[in-house]
Amino acid sequence: MFHAQHVKQLKGRKTDIEDSRWLATICQFGLGRPSLVPQGEFRAARGLSRHRRTLIQERSRVRNRVQKVIDGAGIRIGSILSDVFGTNGRTILEGLVAGASREDILAGLTRHVAVKIEALGDALSLSLGDWERTILSDLMDAEGTLNKRIAVVETTLIEGLAPHRRALDILQTLPGVDAVAAASILAETGPDMSVFGSAHAFTAWAGLSPGNNESAGKRRSGATRKGAKHLRATLVEAAHAATRTSHCQFPGYKRAIAARRGHKRAIIATAHKMARILYVMLRDATPYRDPGTDYEALLVNRNASRWLRQLARFGVLQEDRTGVLRVNWDALRPQAA
């Protein structure tokens with residue numbers, strides 16, 4: 001099996017009529033580079049991991065439909081609770097399906113939503129009709145069934161990769177990567193990193209490297225290239241979790257990039273950094289050790305002099321008689337129209 005992107009870049013006739021002859025010529029002279037074909041057990045694990053992602057997407061659709069039903073009835077608890085399908089959210093949904101009164105539903109909530117009780121009471125002032133209750137009950141049953149199916153797939157996936165427990169344990173030392181994410185990553189990549197050649201080639205294969213679109217000396221879009229979309233999605237999810245993990249380098253790394261590039265680009269950059277790190281972890285069979293780098297401090301040290309020049313240029317910083325820079329608060333006040 002040829003590496004499609006490599007073959008596309010080779011010079012030659014690329015028309016549909018001559019395409020098969022051209023591929024045969026490449027094969028004859030050994031110009032084609034093979035694609036990555038993992039071992040049988042990892043191909044099976046890939047299918048299971050991707051089936052799990054399909055089930056999660058289906059569950060998300062069901063949950064969106066649940067949200068649509070209750071919003072259509074005027075019960076807008078989604079703007080009050082952070083997670084409609086959390087402990088308290090499920091208590092409310094089950095109460096709505098059972099036709100319980102507002103007082104009974106509120107009495108069954110935990111103390112974590114004590115400050116939101118009044119708002120929840122206003123949201124529950126309306127009730128569901130019989131048809132809406134039937135639809136909500138069916139959707140809740142479907143959501144519960146999908147939760148059980150996802151749990152079974154996750155257990156099977158982790159147990160199937162039990163012979164590679166060492167690699168799974170190493171991956172879980174990386175912030176943001178749990179047992180399921182580690183199994184999904186290993187299913188996509190396999191434990192042998194030598195097939196990629198380098199960390200740069202690995203991140204390019206994962207679809208996390210910046211694009212290189214330049215023509216006539218003009219740089220065009222640098223959007224990330226196409227790659228292994230399932231691995232990319234898993235690493236992006238892990239990046240979201242890692243940026244919320246304290247005592248590691250990733251929150252500061254994400255904030256430093258987000259300040260000048262925005263949230264979405266910062267998350268992709270964090271996923272790219274995590275991909276390079278896990279490549280080295282699997283290649284050397286070593287767990288993750290955080291370097292303790294303060295990226296925000298590096299950002300300030302790199303740009304402080306330029307920021308000060310700009311503040312002085314616009315009169316925000318001024319020298320007093322002793323030569324000390326002081327803030328001109330009048331320059332910060334909004335000017336009258």
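**Reading burial, extent and salt bridges in a predicted chain**

Buried residues make up 36% of the 337 residues in the chain, and the model discussed here is a predicted one.

Reader: How many helices and strands does the chain have?

Author: The chain contains 15 helices and four strands. As for its extent, the radius of gyration is 27 Å, whereas the globule rule gives 20 Å for 337 residues; the chain is therefore more spread out than a compact globule. Along the principal axes, the C-alpha trace spans about 80 × 75 × 45 Å.

Reader: What share of the contacts with a separation of 6 or more comes from residues 24 or more positions apart?

Author: Such residues account for 60% of those contacts in the chain.

Reader: How far apart are the mean positions of the positive and negative charges?

Author: The chain carries 51 positive and 32 negative charges, and their mean positions lie 11 Å apart.

Reader: How many salt bridges does a search of the whole structure find?

Author: The general idea is that side chains of opposite charge can pair when their charged atoms come close. In this model the search finds eight salt bridges. One of them joins Arg46 and Glu188, with the closest N and O atoms 3.7 Å apart; the cut-off for a salt bridge is 4 Å.

Reader: Which parts of the chain does the pair of Arg46 and Glu188 tie together?

Author: Arg46 belongs to helix α3 (residues 40-72) and Glu188 to helix α9 (residues 179-189), so the pair ties together parts that are 142 residues apart in sequence.

Reader: Are Arg46 and Glu188 buried or exposed?

Author: The reasoning needs one cut-off: a residue is buried when its relative accessible area is under 20%. Arg46 counts as buried because its relative accessibility is 14%. Glu188, at 2% relative accessibility, also counts as buried.

Reader: Which residue forms a salt bridge with Arg63?

Author: The partner of Arg63 is Glu143, and the closest N and O atoms of the two are 2.8 Å apart. This pair links distant parts of the chain, since Glu143 is in helix α7 (residues 130-160) and Arg63 in helix α3, 80 residues apart. Glu143 is buried, with a relative accessible area of 0%, whereas Arg63 counts as partly exposed at 22% relative accessibility.

Reader: Which residue does Arg90 pair with in a salt bridge?

Author: Arg90 forms a salt bridge with Glu143, the closest N and O atoms being 2.8 Å apart. Arg90 lies in helix α4 (residues 87-98) and Glu143 in helix α7, so parts that are 53 residues apart in sequence are tied together by the pair. The relative accessible area of Arg90 is 23%, and Arg90 is therefore partly exposed. Elsewhere, salt bridges that share partners join Arg46, Arg50 and Glu188 into one network.

Reader: Where is Gln249, and which residues does Gln249 touch?

Author: Gln249 is placed in the loop between α11 (229-242) and α12 (250-261). With a relative accessibility of 3%, Gln249 counts as buried. Leaving aside residues up to four places away in sequence, Gln249 touches Lys273, Ile277, Tyr288, Asp290, Pro291, Thr293 and Tyr295.

Key: Residues are numbered from 1 along each chain as its sequence is written. This is a predicted model: local features need pLDDT of at least 70, side-chain atom pairs count only at pLDDT 80 or more; totals for chains, interfaces and linings use all residues. Side-chain values use heavy atoms; hydrogens and water are left out. Helices (H or I, at least four residues) and strands (E, at least two) are DSSP runs, numbered from the N terminus. The radius of gyration is taken over C-alpha atoms; the globule rule is 2.2 Å times the number of residues to the power 0.38. Buried means under 20% relative accessible area, exposed over 50%, partly exposed in between (1.4 Å probe, protein chains only). Contact means heavy atoms within 4.5 Å. Lys and Arg count as positive and Asp and Glu as negative; His and the chain ends are not counted. The place of a charge is taken as NZ of Lys, CZ of Arg, CG of Asp or CD of Glu. A salt bridge is a side-chain nitrogen of Lys or Arg within 4 Å of a carboxyl oxygen of Asp or Glu.
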